[in-house]
Amino acid sequence: MTVTTRRLQPPASRALSLRPLAVRLMALCIASSASISFAQEPLLLVSEAEMQASLAAPEPLFPRFTPEPGAPRILVDSPKLNSTVASPTTLKLRFEPESGTTIRPETFKVRYGSLRIDITARITGTTTVTEQGFEVQKAALPKGRHTLIVAIEDGAGRLSERQLQFEIL
């Protein structure tokens, strides 16, 4: 006994009529995924609980940081320090090395508040830190007073640290 199988194929006219629909669906998917990937959500730098814990903790007894001569400078373009700021805010810092050396972006660190919570990965997970600096367009923080401690080294191993203090309304 011989069994023959026959593959059913849609009529040519139906196959052709589905092709434009498939192309339109693919275009719609690509367009919607592009708009999703480019829509930047605010980056939560610190949670409410982290802020409260840091505010409740006593200030650590670290000696005041004094950079070595020739250490790089950390310049703050945004937010305006020692002032009130809206959230989300832009966080933009520039690094300036002394002549004859370069910034080592891999040494970049950011710590938060009196507990010195390491939030470096939160920043480096969304933006690239370069020898020139970095920028986070929408950095979200809860309402209250905030302190960020930013550190960077140059090619000669000289460490620079900058404390940023501001209040979110």
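Start by selecting strand β8, residues 144-154. Nine of its eleven residues are buried, so the rest of the structure largely encloses this strand. Buried means under 20% relative accessible area, exposed means over 50%, and partly exposed lies in between (1.4 Å probe, protein chains only). Strands (E, at least two residues) are DSSP runs, numbered from the N terminus.

Before moving on, note that this is a predicted model: local features need pLDDT of at least 70, side-chain atom pairs count only at pLDDT 80 or more, and totals for chains, interfaces and linings use all residues. Residues are numbered from 1 along each chain as its sequence is written, and side-chain values use heavy atoms, with hydrogens and water left out.

**Stop 1: the sheet**

Now show the strands around β8. Five strands form an open sheet, in the order β3-β9-β8-β5-β6. The pairing is mixed. Two strands pair if DSSP finds at least two bridges between them. Strands of a sheet pair through backbone hydrogen bonds, either parallel or antiparallel. Which strands sit at the edges? They are β3 (84-85) and β6 (117-118), and each pairs on one side only.

**Stop 2: from β8 to β9**

Select β9, residues 159-168. It pairs with β8 in the antiparallel sense, over ten bridges. Click Val150, then find its bridge partner in β9, Arg162. Next, follow the chain between the two strands. β8 and β9 form a hairpin with four residues between them. Stop at Gly157 in the turn: its phi is positive, about 80 degrees.

**Stop 3: Glu167**

Stay in β9 and pick Glu167. Is Glu167 buried, exposed or partly exposed? At 29% relative accessibility, Glu167 counts as partly exposed. Glu167 and Thr84 are 83 residues apart in sequence, yet their C-alpha atoms are 4.7 Å apart in space. Leave aside neighbours within four places in sequence, and Glu167 is in contact (heavy atoms within 4.5 Å) with Ser83, Thr84, Val85, Gly144 and Arg145.

**Stop 4: from β8 to β5 and β6**

Go back to β8 and select β5. Six bridges join β5 to β8, and these strands run antiparallel. Pick Arg111, which stands opposite Ile149 in β8. Arg111 also stands opposite Asp118 in β6. β5 covers residues 103-112, and two bridges join it to β6, again antiparallel.

**Stop 5: the aromatic rings**

Show the side chains of Phe95, Phe108 and Phe134. Ring pairs link them into a cluster. How many aromatic pairs does a search of the whole structure find? It finds two. Rings of Phe, Tyr and Trp (its six-membered ring) pair if their centres lie within 6.5 Å; planes under 30 degrees apart count as stacked, over 60 as edge-to-face, and the rest as tilted.

Look at Phe95 and Phe108 together. Their ring centres are 6.2 Å apart and their planes meet at 50 degrees, so the pair is tilted. Phe95 lies in β4 (residues 89-96) and Phe108 in β5, so the pair ties together parts 13 residues apart in sequence. Phe95 is buried, at 5% relative accessible area. Phe108 is buried too, at 2%.

Phe108 and Phe134 form an edge-to-face pair, 5.0 Å centre to centre, with 65 degrees between the planes. Phe134 lies in β7 (residues 133-140) and Phe108 in β5, so this pair ties together parts 26 residues apart in sequence. Phe134 is buried, with a relative accessible area of 4%.
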